[in-house]
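Please look over the model shown here.

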Amino acid sequence: LTAQRDYMHVHDMVRAYCELLIRGHRGEVYNVGTGIPTSTKQLLQKLIRHSTVDVANIQTELDPARLRPTEASYLWSDPSKFLVTTSFRPQYTIEQMCVDLLNYWREKLGVPLVEPQTVKV
């Protein structure tokens, strides 16, 4: 749970790609992301915080079968070139991303949604 990644809301990612199509330069390479690393443990804690089940019933355990021996510990972007080229700024927080993700699956499973939040940056 210590691996760190750069998570971005899918709506922001789509907007970012559209910005690249409009303002990016052909042949250039851009990193798209927030530039903010979040550990898997932090992401799990955010998801649990928005969970509707009793937190005491949630347990984490290591499944050795799911471990990847070559897993990168830190993997996040440096979006500075992209930000300078496009002036793009994410509109959604990681908290909103977690709420939207949970509500997506709740809707698919027929479970009541949590209060939709508008936690835009």
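Q: How do the residues of the lining of the second largest pocket divide into nonpolar, polar and charged?
A: This is a predicted model, where local features need pLDDT of at least 70, side-chain atom pairs count only at pLDDT 80 or more, and totals for chains, interfaces and linings use all residues. Residues are numbered from 1 along each chain, and side-chain values use heavy atoms, without hydrogens or water. Ala, Val, Leu, Ile, Met, Phe, Trp, Tyr, Cys and Pro count as nonpolar, Asp, Glu, Lys and Arg as charged, and the others, Gly among them, as polar. On that basis the lining divides into 10 nonpolar, 5 polar and 2 charged.

Q: Which residues make up the largest nonpolar core?
A: A nonpolar core joins buried (under 20% relative accessible area, 1.4 Å probe, protein chains only) Ala, Val, Leu, Ile, Met, Phe, Trp, Tyr and Cys residues through side-chain atoms within 4.5 Å. The largest has 7 residues: Met8, Ala16, Leu20, Tyr30, Val32, Phe82 and Phe88.

Q: Which residues is Leu20 in contact with, leaving aside its neighbours within four places in sequence?
A: Contact means heavy atoms within 4.5 Å. By this rule, the partners of Leu20 are Tyr30, Val32 and Phe82.

Q: How many disulfides does the structure hold?
A: A disulfide needs a pair of cysteine sulfur atoms within 2.5 Å. The number in this structure is 0.

Notes:
Buried means under 20% relative accessible area, exposed over 50%, partly exposed in between (1.4 Å probe, protein chains only).
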